[in-house]
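Visitor: Hi! Could you walk me through the charged pairs in this one?
Guide: Happy to, here it is.

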Amino acid sequence: MKKNIVLFILFILPIVAYLFFASGVNSFANLPTITKNIPEISSWKTLDNKPVALTNKITILGFIGQDVLKHKGNFFNLYEKIYARNKDFKDFQMVMILPEGTQNEVKELQIDLQKLGTQSGWNFVFGTPQEIQTFYNKLQLVGKLDDKLGTPNVFIIDKKRNLRGRKGHDKKGKLEYQEGYNTVLVSDLYNQMTDDVKIILAEYRLALKKNHNATRQI
């Protein structure tokens, strides 16, 4: 009897949890790919002059533009609804892309963000306007950057550098498309993005368990 309970906890329960996340919190069985294999950003540097990579990380990617402090409220929404809920997942990160010359504004922003808690998973990287526009174009999105090289939308990038979102028909047959999540709208972050991030995290948790079990059997 005890052996059966242990087997249930080790093997069945994680799969049941995954199926709950994959079908209950989102109308899709999984989170579709919008754009495959987007470029790396490791040539851009942080305030500490360090590179940041997208590969092997689950990334929330944002394009802030030149008016950094004007959009301070967007950062607070994103921190509280998305980052604070997932910061303990070691492969989860936030990457915000900004034009060169906005470094001082970002330093001011970081002081305000410190009031909310840790920023260990937050990265601000800087590129030239041309580099940022070229990179954004390769995401192949319907939405465009504004004249300040910003957008209120943020995007989910998986560990293989695929941009994920909602595309196609959901389980109810309804046509749905969502490539990004509006940081101005708390409802968009809370109702859509929270669920979709859960899907991505559940995928990798299940993959880790499968790999661990396979290794034990070898």
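Guide: Let's begin with D112, which counts as buried at 15% relative accessibility (buried means under 20% relative accessible area, exposed over 50%, partly exposed in between, with a 1.4 Å probe and protein chains only). Before we go on: this is a predicted model, where local features need pLDDT of at least 70, side-chain atom pairs count only at pLDDT 80 or more, and totals for chains, interfaces and linings use all residues. Residues are numbered from 1 along each chain as its sequence is written, and side-chain values use heavy atoms, with hydrogens and water left out.

Visitor: Which side chain does D112 meet in a salt bridge?
Guide: That of K115, at 3.6 Å from N to O. A salt bridge is a side-chain nitrogen of Lys or Arg within 4 Å of a carboxyl oxygen of Asp or Glu.

Visitor: And is K115 buried or exposed?
Guide: K115 is exposed, with a relative accessible area of 68%.

Visitor: New topic: how many salt bridges does the structure hold?
Guide: Eight. One of them joins the side chains of D158 and R164 at 2.8 Å, N to O. D158 and R164 are both buried.

Visitor: What about R166, which side chain does it meet?
Guide: R166 forms a salt bridge with E176, at 2.9 Å from N to O. This pair links distant parts of the chain, 10 residues apart: R166 is in strand β7 (residues 166-169) and E176 in strand β8 (residues 175-178). Strands here are DSSP runs of E, at least two residues long, numbered from the N terminus.

Visitor: Are those two buried or exposed?
Guide: Both R166 and E176 are buried.

Visitor: Which residues are joined into one network?
Guide: K72, D112 and K115, through salt bridges that share partners.

Conventions: Helix = DSSP H or I, 4+ residues; strand = E, 2+ residues; numbered from the N terminus.
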